[in-house]
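Q: I have a new model open and would like to learn how to read its features one by one. Could you walk me through it?

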Amino acid sequence: MLDNSIIPKSTSERKLWSQFDSLQMGMDWDEEDIGKPQILIDDVFGDSHPGSSHLMGLTQQVSIGVYEKGGRPGQFHVTDVCDGCAQGHDGMNFVLASREVIADMVEIHGSFVSWDGMVLISSCDKSIPAHLKAGARMGIPTIFVPGGSMRPAPDMSTSIKAGDISLREKKKDAITAQEVRDFKLTGCPSVGACQFLGTASTMQCMAEALGLALPGSALAPATMRDITAMARKAGRQVMNLVKANITTKDILTPEAFYNAIVVHAAIGGSTNVMLHLPAIAYELGIELKPELFDEINHKIPHIGNIYPSGEYPTEAFWFAGGIPMVQWLLKDYLNLDVLTVTGKTLKENLEDIKNDGFFERIEGYLRNYGLNREQLIKPVETTKEMGSIAVLKGNLAPEGAVIKYAAVSENMMYHVGAARVFNCEEECHNAIIEDKINPGEVLIIRYEGPRGSGMPEMLMTTEAIVCDSRLNGSTVLLTDGRFSGATRGPCVGHISPEAATGGPIALVEDGDLIELNIKERKINIIGIKGKTYKLEEIEKILEERKKDWKPIEGKPRKGVFGRYTKGAVSAMKGAYLE
């Protein structure tokens with residue numbers, strides 16, 4: 001039924017040029033549609049990866065919900081790309097840049113006519129932050145719909161088993177063809193985001209924690225009815241937001257970002273959140289300083305037991321109650337009065353979802369696996385570990401660097417080792433494969449920051465370390481690039497300033513002694529050629545090296561890659577294009 005209380009924003013524009021209406025009715029619109037509130041539905045549907053190939057079904061459900069409430073949906077698509085398919089080759093250099101391009105395309109879709117509201121649908125690493133950036137930028141009533149979780153692989157494993165498979169494939173007689181084939185047939189058994197708490201799953205959680213996704217929608221199994229029901233509900237609810245004129249700027253407040261960081265610390269999410277949340281906040285004129293992440297991680301209990309810093313896949317986490325259960329247990333740490341896309345506060349949402357029986361209803365699925373909730377989401381009162389990521393600073397990273405210490409063993413929370421320096425990931429990875437790395441060394445991969453090469457992730461190399469029995473548990477990796485959310489072990493990323501801008505990481509030489517001190521949040525060069533020096537002496541040595549430093553000259557860059565590497569800001573600010 002047409003809601004006559006809402007006058008479509010495009011009404012005045014239609015009177016300027018009669019072709020506007022004619023063009024829309026040249027599709028499948030009719031005269032009545034022109035007078036309805038119009039909702040942009042933008043998804044990343046396409047054949048790029050399992051996180052996107054099923055999204056058209058969710059878009060159709062959202063459309064039905066919009067129609068039910070008297071609106072007219074318009075479906076638009078900007079297919080995203082996949083880190084997994086880009087792993088190990090130059091395609092990875094384009095992945096972070098795609099975040100900016102997708103956000104820009106949604107802005108273009110949202111601006112060529114005046115939409116009354118917007119629903120954004122995605123599942124994965126760069127498309128979710130792109131959508132949240134666009135939603136923040138557009139400032140209209142908006143709901144985000146997460147694309148959900150992939151089914152677990154055999155024995156509750158995940159697709160990140162590819163690290164072990166790929167490493168052994170590169171070594172002589174280390175794996176059989178049958179093992180490789182079995183993984184390919186079972187590693188990704190369904191659509192949805194990969195089964196571990198990587199950046200894709202983390203960003204679904206962040207969308208819900210920010211209040212832009214409906215309660216309980218993050219990481220819902222992509223193959224179950226719940227996710228389609230939530231998509232339909234989102235279509236209905238966006239019409240309510242339009243009527244109440246509740247926009248993203250009412251929801252994405254400093255308090256909402258604080259809440260999201262609290263949830264992130266509690267679940268052990270990806271370090272890439274420190275790229276994405278600041279970039280989203282920037283669209284609203286809000287500055288999220290690295291120190292805020294560190295402050296929060298010092299005091300929030302790490303209660304999530306989700307792979308890779310924990311034991312279980314994301315589907316099981318949702319069965320345990322997902323983000324609403326985490327928020328319920330952390331009520332004392334959260335701002336409960338923040339407004340959300342339900343039109344209610346977080347406090348009201350949590351009361352509603354509990355009274356609805358949501359927690360008890362889905363916990364039965366968890367029992368199918370012989371698990372109970374406390375195995376996935378630990379009670380706050382019994383949790384000893386605080387937070388999951390740390391911001392490190394020192395003469396190697398004056399602006400900061402980030403590490404996910406929830407995935408680091410206790411014996412590597414402090415380490416001193418000799419540097420082995422590589423100017424690209426491929427060189428370092430090959431050295432690992434060829435057994436040219438010694439246990440205890442500190443591997444440095446540089447010129448992989450935003451301006452260096454688009455800030456690719458280092459998952460192929462981090463997995464090579466973890467899956468090598470000689471190196472696992474003793475070898476540190478430092479980079480100005482980024483990591484996958486699946487990264488395990490003592491891996492420090494986002495080192496800033498980056499090498500391409502002449503940061504100290506560009507001045508490190510083989511044999512320099514590097515000190516990693518996670519508990520004291522420090523990362524320093526403390527020695528030269530095996531000999532320890534005072535920090536002030538190291539500073540003088542670095543000043544002398546800087547006099548002879550010249551940036552590496554690569555191939556000419558053009559197009560989106562050239563624009564991104566020329567204009568991206570520091571990783572510690574979010575690596576966005578100003």
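A: Gladly! Let's begin with strand pairing: two strands pair if DSSP finds at least two bridges between them. Helices (H or I, at least four residues) and strands (E, at least two) are themselves DSSP runs, numbered from the N terminus. Please keep in mind that this is a predicted model, in which local features need pLDDT of at least 70 and side-chain atom pairs count only at pLDDT 80 or more, while totals for chains, interfaces and linings use all residues. Residues are numbered from 1 along each chain as its sequence is written, and side-chain values use heavy atoms, with hydrogens and water left out.

Q: Let me try that on E8, then. Which residue is the bridge partner of Arg420 in E8?

A: The partner of Arg420 is Leu443. Strand E8 (residues 442-445) pairs with E7 in the parallel sense, over 4 bridges. Strand E7 (residues 414-422) also pairs with E11, here in the antiparallel sense and over 5 bridges. In that pairing, Gly417 has Ile514 of E11 as its bridge partner.

Q: How do I read a whole sheet, and in what order do the 4 strands of the open sheet come?

A: The order is E2-E1-E3-E4, with parallel pairing. Strand E2 (72-77) and strand E4 (142-146) each have a single partner strand and stand at the edges, so one side of each is left without a neighbour in the sheet. From one strand to the next, the twist averages 20°. For a closer look, take strand E1 (residues 38-43), which pairs with E2 in the parallel sense over 6 bridges; Asp43 stands opposite His77 in E2.

Q: Which strands does helix H7 touch as it packs on the sheet?

A: Contact means heavy atoms within 4.5 Å. Axes are lines fitted to C-alpha atoms, for helices over the stretch in contact, and angles run from 0 to 180 degrees between N-to-C directions. Helix H7 (residues 127-138) touches E1, strand E3 (117-122) and E4, and its direction makes about 170° with that of E3. Helix H11 (residues 225-244) also packs on the sheet, touching E1, E3 and E4; the direction of H11 makes about 175° with that of E4.

Q: And how should I describe two helices that pack on each other?

A: Two packed helices are described by the angle between their axes and the distance between the axes. The contact is made by Pro324, Gln327 and Trp328 of H17 together with Leu346, Leu350, Glu351, Ile353 and Lys354 of H18.

Q: Is Asn297 buried or exposed?

A: The cut-offs come first: buried means under 20% relative accessible area, exposed over 50%, partly exposed in between (1.4 Å probe, protein chains only). Asn297 has a relative accessible area of 0%, so Asn297 is buried. This residue lies in helix H15 (residues 290-297).

Q: What does the side chain of Asn297 reach at 2.8 Å?

A: The side chain of Asn297 reaches the backbone oxygen of Phe293 at 2.8 Å and the backbone nitrogen of Ser388 at 2.8 Å. Not counting residues up to four places away in sequence, Asn297 touches Ala265, Met386, Gly387, Ser388, Ile389 and Tyr405.

Q: What should I look for in the backbone itself?

A: Most residues other than glycine have a negative phi, and most peptide bonds are trans. In this model, phi of Leu219 is near 70°, and Leu219 lies in the loop between helix H10 (199-210) and H11. Met455 has phi near 60° and sits in the loop between helix H22 (450-453) and helix H23 (459-466). Leu219 counts as buried at 0% relative accessibility, and Met455 counts as buried at 0% too.

Terms used:
Polar contact = N/O pair within 3.5 Å; in protein donor to acceptor, adjacent residues only side chain to side chain.
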